[in-house]
Amino acid sequence: MLYTIQKCFKFFIKLTKYHQPRKKRILNNILLSSYSVLFLLTVFVYIVVLPVLSLSSAIEPSQYLSKAESDLKDLVQQGKILYETGRLIEAQKVLQSVSQQYQALGNKLRQAVTLSNLALVYQQRGMFAEATIAINDSLKLLGNANSRQHLQVLAQTLEIQGSLQLNQGLSQEALETWQQTEAKYAEINDFRGINRSRINQAQALQILGFYRRALIMLTQVNQNLQSQPDSLIKAVELRSLGDTLQLTGDLAQSRQVLQQSLQTAEKLQSLAEISATLLSLGNTFRIAQDYQNAIATYQQAIAKTPSLLTKVQAQINLLTILLNTQQWAIAQPLLREIPSELDNLPLSQIAVYAKIHFAQSSIKVSSNQVIDKQSVAKILATAVKLAKTLGDTRAESYAIGTLGKLYESDRQWLNAQKLTQQALTLAESVNAPDIAYNWYWQLGRLLKQQGDTKGAIAAYDAAVNQLQSLRNDLVAVNRDVQFSFQESVEPVYRESVALLLSPENQLSEQTLDKARQQIEALQLADLDNFFREACLNVTKVVLDEVVDQDNPTTAVVYPIILPEKLEIIVKIPKQTLQHYSVNKSQPEVEKTLGQLREYLTEPDRIEEVESLSGQVYSWLIQPIESELERTNINTLVFVLDGALRNIPMAALYDGKQYLVEKYAIALNLGLQLQKPKSLAQEKLQVLAGGLVQPPSQFQQFPPLPEIKSEFDLITKAGIATTKLLDRDFTSKTLERKISSIAFNVVHLATHGQFSSRSEDTFILATDGPINVTDLDLLLRRRDETQSQALELLVLSACQTAEGDNRATLGLAGVAVRAGARSTMASLWNVGDRSTAILVGEFYHQLVSAKVTKAQALRRAQLKLLQNYPNYSRPLYWAAYVLVGNWL
């Protein structure tokens, strides 16, 4: 028994008086304001330090101030310092007193300033009802006065109000408020205020899904900053812009802007700003998985900073990378050094979160290295005390819940459960689902360990529900240095499904359907994480309804990869859900799939391909083979999970035939899809773009001389085609044609790459790569001018990124963001001659045979398999997959 942990636990049982419920605090605050140095750009409204004008000297020169008002000025400064150091309860008391005294003196302007600052304190404490009242009272006091001083205070107050709205999930209201803020700053020519307002607007636009508008706004801010002379203010604003670009996922631009900020700070020889920018730059490298540069940059920050707070932040971020990459030897000195640094930190929120993050890192390493859990418990005990002193209920919840996790690592289930429930109560008292989901998840794990399956399922359900409620907010900050989707979100869903399908739980139709929905929610969350915004909000229909009502010869197969086994759920028309399990662990499944994916692209590995694909066939298809034959199924739709997405289902082998020889095959991203519609009855109109010779900087991609033949075969099928070839195929030309020509098919015959990272997912045009997000913007622009739906997007020469096991996420992302009902693409680079034959036959079948898209692709694949001996291996025909509507 760990004496220190046990002693701490007895203390925490008496620790907390719970607060009344308050308005929702969204995930935008998850460790951001206190740790990763990316603040929403609100300022503590203190007139004396405003950059444009000093109110006290302009309206009330110091020699004319009464002693009472002069004392109040000093108290406001004291409140500011208390707020900035995170001593929120003390700051609140000071500002409440100051506000009352200004009211007694009849000084409305200074009372308004104080109330705005008080709203910031309330907001930081999660007291949103009180913050809203304070900010509204401030705005009433300011009224419609239009002096420069009033306009400046009004602009800053609106800036705070926008932050308050965003933190309550009111993104549209925040955007409108910050637009007003910009207008007020423009009236007084406060260009710094304008830049801040635009950065804030960009964050709101990103959350609302207006990526292009956000990008334009940030570009304008960057241009404005470039025109300014070097100054410390410029360096700080460039750093803030770089951090915001990091959030929106534009990592290349973030890195460039942060390097400019660093250069400016170095010219000014400001060690504080140099180290702060190095910290931000290290975070950007870390998010880009450029660990070598991230480590070097954090080390520079540690060496140069005069601030102990910045040093500890950089040390903990560095430690996180070292632990994640299992560099134990280098991490050990940091594990010994950081605790003494933590002891020397001044009282602040940053200090509290630094202690929590260090404890979390220590717990992570405990499964691989021996750590002093007593010391970790002491650190967390101190973090709780400090959080209570500061009045930070969120931090208090984090600290207590992390202590519960420490107990969990020591297998003290009951004590861990009590602490977890206490942390959960605190999180819910300030309506913080971003924290609460963690503690529901932790509670589920603990209940499972104690054999309470029913209670564990309920806890996991609550965790999933909390994540669902956070969907837009989750993607707004998921690039924070402390956040990892694979560690913090994905396991919640998989462990939940594993519980639902466990032998201890009754497998009813409702349970099976629930398991499917959990996996779909995971896949949607994965795509949201890919794009850093919620990206599936169009009207959908349920797949089950499609096969039951409109397509009774189609079955839907849902494989689910769980840690201990492979679960398969099958929907056959007019029947209840079927379920079977394969006793293969996740490592075993992924090893087999990895080998198969590798051998599929090697021409001399046909025997290995047949053997491995035969194993996968025995897992997924063999148990329902007879039922598929009995019900006359001719099309299989797979909702694939994890590493299965890397494998073309057409290549599964039963010992005699490939699966494509028996069924048409399509993929879908979840239980729903856009309202299905057959393409067979429509006249096809194709916009075709192609690039024979890749740009000079992309010589790793070979030329594609058969593209002209590919285009000719499309035309030969009797399809009206607008062609953009080579020099004509640029991003600008494509954008112009998309906006001006009516078509229902976009066919892009050019090299491209699918990656698990949106910034590395692109297609090539003559003028360079078109990123998946830019392609999305081009196609969305079409929606603004054309009423005809985009039925099909074809990407005939793409490939998944080498060494990226999750690269097919990029394919899914393209399929989703294109807005097309269906997307056909290649998983790997195939010879362009065989591609031309397959593509030509695909369009020929669509037009002449009037079959479904899935059947047209099947017939095109069979033509290569059966009629072209040189192209009969899966290497040539299996790469092509159809995603989405198969009709």
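**View 1. Leu232 and a nonpolar surface patch.** Leu232 belongs to helix H12, which covers residues 232-248, in a model that is predicted. Together with Val236 and Leu268, Leu232 forms a nonpolar patch on the surface, and the accessible area of these three residues together is about 220 Å². Leu232 counts as partly exposed because its relative accessibility is 43%, a value that falls between the limits of 20% for buried and 50% for exposed.

**View 2. The largest nonpolar core.** In soluble globular proteins, nonpolar side chains tend to be buried together. The largest nonpolar core here has 193 residues, of which Leu620, Phe638, Tyr843 and Trp886 touch the most other members. Helix H22, spanning residues 433-449, gives the most to this core, contributing nine residues.

View 3. When its neighbours within four places in sequence are left aside, Tyr843 is in contact with Leu684, Val686, Ile714, Ala717, Ile719, Val745, His747 and Val794.

**View 4. Confidence along the chain.** The protein has a mean pLDDT of 83, with 86% of its residues reaching 70 or more. Confidence is highest in helix H30 (residues 606-620), at a mean of 97, and lowest in helix H2 (residues 32-36), at 27. Across residues 1-64 the pLDDT is below 50, although the model gives this stretch 210 contacts beyond near neighbours in sequence. Residues 475-483 likewise stay under 50 in pLDDT, and for them the model has 45 contacts beyond four places in sequence.

Definitions and conventions. Residues numbered from 1 in each chain as written. Predicted model: local features only at pLDDT ≥ 70, side-chain atom pairs only at ≥ 80, totals over all residues. Heavy atoms only, no water. Core = buried A, V, L, I, M, F, W, Y, C linked by side-chain atoms within 4.5 Å. Buried < 20%, exposed > 50% of the residue type's maximum accessible area, 1.4 Å probe, protein only. Helix = DSSP H or I, 4+ residues; strand = E, 2+ residues; numbered from the N terminus. Contact = heavy atoms within 4.5 Å. pLDDT = per-residue confidence, 0-100. Patch = residues over 30% accessible without salt bridge, like charges linked within 9 Å, V, L, I, M, F, W, Y side chains within 5 Å. Areas by Shrake-Rupley, 256 points an atom, 1.4 Å probe, with all protein chains shown as cover. Salt bridge = Lys/Arg side-chain N within 4 Å of Asp/Glu carboxyl O.
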